[in-house]
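Hi everyone, thanks for making time this morning. I'd like to walk you through one structure, helix packing to begin with and aromatic rings after that. Please have a look at it while I talk.

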Amino acid sequence: MNEDSKTTINAGRRDFIKESATLVGGALIGTAFAGKANAWTLSSDPIKIALIGCGSRGAGAALNALSANANAVLVAMADVFKDKLDETYATLMKVGRVKDFVKVPENQKFVGFDAYEKAIACADVVLLVTPAAFRPLHFSAAVKAGKHVFMEKPLASDAPGIRQVLETGKEATRKNLKVVVGLQNRYDPGYQEMVKKIQEGAIGRVISATDYYLIGPVKNIPRVAGQSEMEYQLRNWRHFNWLWAGSPAGLQIHNTDIVNWVKGGYPIRAQGMGGRSSLSGPDSGDIFDHFYIEYEYADGTKLNSQIRHISGTWNKGGATFQGADGTASLQAGIKNAKGEQIWRNPNKDAASAYQIEHNVLFDAIRNNTPLNDTEWGAKSTMTTILGRMAVHSGKMVEWDEALNSDLTLLPSRFAWDAEPPVKPDKDGNYPVPIPGLSQVV
């Protein structure tokens, strides 16, 4: 790991803000970056892609990017684990429609905590598909280098990370870079049509909303003898709040984002409850396995958010809206106050929204049209962090209080010899948040 990568996370965030201010008034945002961003309107050369984060979602993002009919090639890959990189490379090479566009030489397969820097240098477009903890750092590096970006949700694990992402998004706009966030429902034709109808008054004034993400347990990968604590946590990233940001962000964010989209804004406060009913004992991480969050918007509308990932329980997903004159959900359609069907999703056979978001990104790059999802992606992530903070603390938490919090979940640095922010006791049990006692901000 190089010296820059060993800089502490908190110091890096402070330096980033200062550096952003310098870039605003400097020559770095002049014609050099504008030319880079506009190059694809003048050339049919292949667009070079780098994949950072080679888990299953990374493989999916690479497949979508290479299927966007944009004359693009994958030229670099990066991950902290060589086995994950090799597995995803092998997977992509088995897909007939894209294997000829996977042109990653051995010397551009990068492994380690600084691998992202090397991969970014090889590409025009960067796919950021690591756990949330790394997103602010990697997004900053990609935009600083003048690269277009696709980044998966969530966009950070804590409020300092969200603030950094928001500043980076502004810089991306100044540099004419294109950014898509992996909240793919925003690109789904069915959701687009439903949201438009609700906003036009199809169910009258929205009184309340409920969203559901009720599924089975998240996967746990057994500890291996001789494994470092950092490696164990990275391989089980969904079980640690600092890496995953918790299930409101890692799972429910898709549905909560739809509610924010319908409302055209974000909650002003939240409170709720949750805990661990199926997770206990050694190696079970520090996450809650169920949440109930009540969000309140500025006009008094409430969003009731239910999350559970426990084996043997009832499953349900999606967002539903109760209006003064009817109800709406993508699954059930829109009904009037009498319960009569007035709209059903006619777009069930449309292309996958996972694919559409990449089609839109590469079209914007080729045609130099404005595209930057950072603000709403970051604020929907912040909505879920607000909810997690409220449940973990057992308090009513205000939006501004949460967004301006300096409480960080991250380690002091990303390195194999770094201390993770949570560690097990002698029996292998991790400290978990305790409502009423855990710090809010």
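Let's start with a crossing: α11 passes α13 in a right-handed way. By handedness I mean that a crossing is left-handed if the near helix is turned anticlockwise from the far one by less than a right angle, and right-handed if clockwise. Before I go on, please keep in mind that this is a predicted model, where local features need pLDDT of at least 70, side-chain atom pairs count only at pLDDT 80 or more, and totals for chains, interfaces and linings use all residues. Residues are numbered from 1 along each chain as its sequence is written, and side-chain values use heavy atoms, with hydrogens and water left out.

Helix α13 covers residues 374–393, and α11 packs on α13 at an angle of about 120 degrees, with the axes 9 Å apart. The axes are lines fitted to C-alpha atoms, for helices over the stretch in contact, and angles run from 0 to 180 degrees between N-to-C directions. Helices here are DSSP runs (H or I, at least four residues), as are strands (E, at least two), numbered from the N terminus. That angle makes α11 oblique to α13; under 35 degrees would be roughly parallel, over 145 roughly antiparallel, 65 to 115 roughly perpendicular, and the rest is oblique.

Who makes the contact (heavy atoms within 4.5 Å)? On the α11 side there are Pro248, Ala249, Ile253, Thr256, Asp257 and Asn260, and on the α13 side Trp376, Ser380, Thr381, Thr383, Thr384 and Arg388. By class, that contact has four nonpolar, six polar and two charged residues. For the classes, Ala, Val, Leu, Ile, Met, Phe, Trp, Tyr, Cys and Pro count as nonpolar, Asp, Glu, Lys and Arg as charged, and the others, Gly among them, as polar.

Now to another partner of α11. Helix α8 (residues 189–199) packs with α11 (residues 247–263) at about 40 degrees, with axes 9 Å apart, which makes α8 oblique to α11. The crossing of α8 past α11 is right-handed. Tyr191, Gln192, Met194, Val195, Ile198 and Gln199 of α8 meet Ile258, Trp261 and Val262 of α11. This contact has seven nonpolar, two polar and no charged residues.

Staying with α11, Ser247 is found in that helix. Is Ser247 buried or exposed? Ser247 is buried, at 0% relative accessible area, where buried means under 20%, exposed over 50% and partly exposed in between (1.4 Å probe, protein chains only). Leaving out residues up to four places away in sequence, Ser247 touches Gln252, Phe288, Phe291, Ile307 and His309.

On to the rings. The structure holds eight aromatic pairs: rings of Phe, Tyr and Trp (its six-membered ring) pair if their centres lie within 6.5 Å, and planes under 30 degrees apart count as stacked, over 60 as edge-to-face and the rest as tilted. Phe113 and Trp416 are edge-to-face, 4.9 Å centre to centre with 65 degrees between the planes. Phe113 lies in the loop between β3 (109–111) and α5 (115–120), and Trp416 in the segment after α14 (399–403), so the pair ties together parts 303 residues apart in sequence. Phe113 is buried at 9%, whereas Trp416 is partly exposed at 37%. Phe134 and Phe414 form a tilted pair, 4.4 Å centre to centre and 35 degrees between the planes. Finally, Phe81, Phe113, Phe134, Phe414 and Trp416 form one aromatic cluster.

Methods: Contact means heavy atoms within 4.5 Å.
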